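Subject: Structure handover

Hello,

Please look through it first; my notes on what was found follow below.

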Amino acid sequence: MRGLQALIAYWDGRPVDAVRLADSGSTFTPESGTAQIRLESIKARAYGQLNRGSDALAALSVADRLRDHLIEGDELPGGMMAFPVEKQLFYSSSTHLWLAGTQHLSDAEARADEAVEMFQSAPPEQQRLGEMSLARMDLAMARLGRGDIDGAATQIHAVLGVSARRRTESVDRRIGHFSRQLALHPGAGSPAAIGLREVIIAHQERMPAQLPPGGSQ
């Protein structure tokens, strides 16, 4: 429960509350599972949002140590509350994106790229499309930050393809953020950047008309 509350606080732009809730959840030590890894990963992203680099990296380190000591198969039945390694990887990439800088962008790209590969390797019926899209958005942002607009575009096109069939608010928000960052990028006037922005705008304009009654999922 604390993990969900912390995650909501993070997405609401309340990183201080996210850290507080994650710390509160950490006082309850489960006998098994990945709940503690999830809490530390959420806390890392929140610290990243606060630009508290040392705290963010410390939380990522704790999450890695917990993963190293996790026993195979040590998870809740059905895996509904599981926090798989690929999800941990893209939480790490998000943390590095918040911290910015050349090395953090490189680390973010590496973590996100690995996460996407792991998400893709799952059987089609088991793929977590929403989470894979978020990992792709991290990868796109990292590549944009390094000036690789073509590399970012590859990920954006993949995300838009999924979003056209299955829209989620979190992915929509990330697409909008990417579009704004692209507009501010030094390479914003290049043909590749202009074309990518046009594709995103067309997608954003098209989506509301295609949604069924009741809005987004």
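A residue is called buried here if its relative accessible area is under 20%, exposed if over 50% and partly exposed in between, with a 1.4 Å probe and protein chains only. By that rule, 44% of the 217 residues of the protein are buried.

Before the details, a word on the source. This is a predicted model, in which local features need pLDDT of at least 70 and side-chain atom pairs count only at pLDDT 80 or more, while totals for chains, interfaces and linings use all residues. Residues are numbered from 1 along each chain as its sequence is written, and side-chain values use heavy atoms, with hydrogens and water left out.

Overall make-up

Along the sequence the pattern reads α-α-α-α-α-α-α-α-α-α. The accessible surface is about 11,200 Å², and carbon and sulfur atoms account for 54% of it; such areas come from the Shrake-Rupley method with a 1.4 Å probe, and for residues only the protein chains shown count as cover. Contact means heavy atoms within 4.5 Å. Of the contacts between residues at least 6 apart in sequence, 63% join residues at least 24 apart.

The core

In soluble globular proteins, nonpolar side chains tend to be buried together. A nonpolar core is taken as a set of buried Ala, Val, Leu, Ile, Met, Phe, Trp, Tyr and Cys residues joined through side-chain atoms within 4.5 Å. The largest one here has 45 residues, and those with the most contacts inside it are Phe90, Ile156, Ile175, Phe178, Leu196 and Ile200. Helix α7 (residues 129-145) supplies the largest share of this core, 8 residues.

Around Phe90

Rings of Phe, Tyr and Trp (its six-membered ring) pair if their centres lie within 6.5 Å; planes under 30 degrees apart count as stacked, over 60 as edge-to-face and the rest as tilted. The count by this rule is 4 aromatic pairs. In one of them, the ring centres of Phe90 and Tyr91 are 5.2 Å apart and the planes stand at 65°, so the pair is edge-to-face. Phe90 also pairs with Phe119, in a tilted arrangement with 6.3 Å from centre to centre and 50° between the planes. Because Phe90 lies in helix α5 and Phe119 in helix α6 (residues 102-121), this pair ties together parts that are 29 residues apart in sequence. Phe83, Phe90, Tyr91 and Phe119 form one aromatic cluster.

A charge sits over a ring if NZ of Lys or CZ of Arg is within 6 Å of the ring centre and within 35 degrees of the ring normal. Arg45 lies over the face of Tyr91, 3.7 Å from the ring centre.

Two other buried residues

Glu131 lies in helix α7 and is buried, with a relative accessible area of 17%. Beyond four places in sequence, Glu131 touches Lys87, Phe90 and Phe119.

Leu99 is in helix α5 (residues 85-99) and is buried at 11%. Its C-alpha atom is 5.9 Å from that of Asn51, 48 residues away along the chain. Leaving out residues up to four places away, the contacts of Leu99 include Asn51, Ala56, Leu57 and His104.

Regards

How values were computed
Helix = DSSP H or I, 4+ residues; strand = E, 2+ residues; numbered from the N terminus.
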